[in-house]
Amino acid sequence: MQDSGISTACVEFADSLRMEAIPAEVKEQAKKCLLDFLGCAIRGAVMPQAKCIKEYAAVMGGNAHASILGVSSLNSIVNAALANGYFGHILEMDDVDKESISHPATVVMPAALSIGEWRRSKGAELLEAIVAGYEVMLRIGTSVTPAHYQIWHTTATTGVFGAAIAAGRMLKLNQEQMSWAFGSAGTMAAGLWEFLSDGAMSKYLHAGKAASTGVLAAQLAASGLTGASRILEGRQGFFAGYARQDIEQKLFQDFHVKYRTATVSFKPYPCCRHTHSAIDCARSLYLQAQSVLSDIKQIHIHTYQAATQVACFEDPLDSRQGQFSLKYCMVRALINGNIGLDDFSQDKLTDKAVRALMAKTSVAVDAEIDRQTPIAWPCRLSLELADGRVLHEYVAYPKGDPENPLSWEEVETKFRLLVEPILEERAIPAIIDMCKNIELLADCGEMIRRINDYGRF
């Protein structure tokens, strides 16, 4: 494949993908990802951080075509994608792809669902759109990672491509129109990591905006708006402006052969994925550590560079910073044996026992561990005791990775834990069943309507 064919290869794949060609394990993973996204978004919709986007959608609402989770009135398709994508990212529990370091569900799913509800699309169409969006987005993200990730939030910048592909499939765009949507999405790609300096809420906006941008690009293409045909590889295209590293063309040569959807990871803990290996280490040491917590002299976290870059808060002041504090998340898991949504409340963040152990904790990049990324995101944890003993634990693949997967039962359990305070019990098994059998659903919008009808938002 020539360099000039990368954008075309993405569009041709998206146009040609058919349900019967998708391997069974890929379909199964996509269904898990859908259920996982819905759980994250439903719970996110009742979080305090959701209020501002709901108010925006209420003021700026357009034609009543699509549902926003937790809102009784219909809104515009673009606003539904914006809000639902935003909700899905609030908890920091949405799925993640290791190689691209991105969260595909929270941009691809809302784009596809908003149009699917409006068009009363079949569940099989939704499943095809999800897989198409994931495959394109994850390849683009992998091609620019890790250099891109140092400045740009990949979920936002490459998410626009995945969302546009998914939205284009749901709109039944022809190949030329899909190319236009792809080009328009790429020219609107944005999302900078600078929000971390303030612990700002922009990260949620990144996800929602990428989802809505994909819808906007696809809808405009359907109406004849043209877009750049070489948006990725062109002289002034995405790679030229955003990549910051050489591009591996082979990543775009195995469409229909390798399905990256099948290797997406799930997050069992409500915090930055870069903290999860350390949390797993701490949970493994929990029983041993309980009798010696007061005897711990030093704690050493050996990790990889991206973890120190993103999960960087040494002294987290609020829940947002706590979710991005490697030290806090590890220590909380070491003391509790687990970490959940309640562990990011203000009183938990300022707990004296936790703060005392955080003060004894050091974080360092280990060259050998760093070389293993992004295939693995490992951590080595050492607890030095006052009597000279050292407790060690090492985790190569955190829980939820394909190498250490969550089963269907575990994904369902996570979904239930997230939605039980919100959904009536009779609705929960129905939503799970819809996701498991999505290709049989005559109207995929029934899922969102069922959630809003039976939710206590």
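First, the ground rules. This is a predicted model, where local features need pLDDT of at least 70, side-chain atom pairs count only at pLDDT 80 or more, and totals for chains, interfaces and linings use all residues. Residues are numbered from 1 along each chain as its sequence is written, and side-chain values use heavy atoms, with hydrogens and water left out.

Pockets, then. Rolling a probe the size of a water molecule over the atoms shows where empty space is left. The search runs on a 1 Å grid over the protein atoms alone, with a 1.4 Å probe; a pocket is an open set of points with protein on both sides within 12 Å along at least five of seven lines, and lining residues have an atom within 4 Å of a point. Grid points are joined across faces, edges and corners, and a volume is the space filled by probe spheres set on the points.

The largest pocket comes out at about 430 Å³. It is lined by 18 residues, and the closest to its centre are Met93, Pro268, Asn338, Lys414 and Leu417. Which helix gives the most to this lining? That is α19, residues 408–419, with five residues. Helices here are DSSP runs of H or I, at least four residues long, numbered from the N terminus. By class, the lining of the largest pocket has nine nonpolar, three polar and six charged residues. For the classes, Ala, Val, Leu, Ile, Met, Phe, Trp, Tyr, Cys and Pro are nonpolar, Asp, Glu, Lys and Arg are charged, and the others, Gly among them, are polar.

The second largest pocket has a volume of about 360 Å³. Its lining has 21 residues, with Glu99, Thr145, Pro146, Thr373 and Pro374 the closest to the centre. Two elements, α6 (123–144) and α13 (305–310), each give two or more residues to that lining, and α13 gives the most, with three. The classes here are nine nonpolar, eight polar and four charged.

Next, single residues. Arginine 139 is found in helix α6. Is arginine 139 buried or exposed? Its relative accessibility is 0%, so arginine 139 counts as buried; the cut-off for buried is under 20% relative accessible area, with a 1.4 Å probe and protein chains only. Not counting residues up to four places away in sequence, arginine 139 touches Leu251, Phe252, Asp254, Phe255, Lys258 and Arg260. Contact means heavy atoms within 4.5 Å.

Valine 215 lies in helix α10, residues 202–222. Valine 215 also counts as buried, because its relative accessibility is 0%. Beyond four places in sequence, its contacts include Ile77, Val78 and Ala81.

Last, helix packing. Axes are lines fitted to C-alpha atoms over the stretch in contact, and angles run from 0 to 180 degrees between N-to-C directions. The axes of α2 (residues 24–44) and α4 (residues 77–90) come within 7 Å and cross at roughly 95 degrees. That angle makes the two helices roughly perpendicular, a label for 65 to 115 degrees, whereas over 145 is roughly antiparallel. Phe37, Cys40, Ala41 and Gly44 of α2 meet Asn84, Phe87, Gly88 and Ile90 of α4.

For α20 (residues 427–436) and α21 (residues 446–453), the angle is about 170 degrees and the axes are 10 Å apart. These two are therefore roughly antiparallel. Their contact has six nonpolar, no polar and two charged residues.

Definitions and conventions. Buried means under 20% relative accessible area, exposed over 50%, partly exposed in between (1.4 Å probe, protein chains only). Angles under 35 degrees count as roughly parallel, over 145 as roughly antiparallel, 65 to 115 as roughly perpendicular and the rest as oblique.
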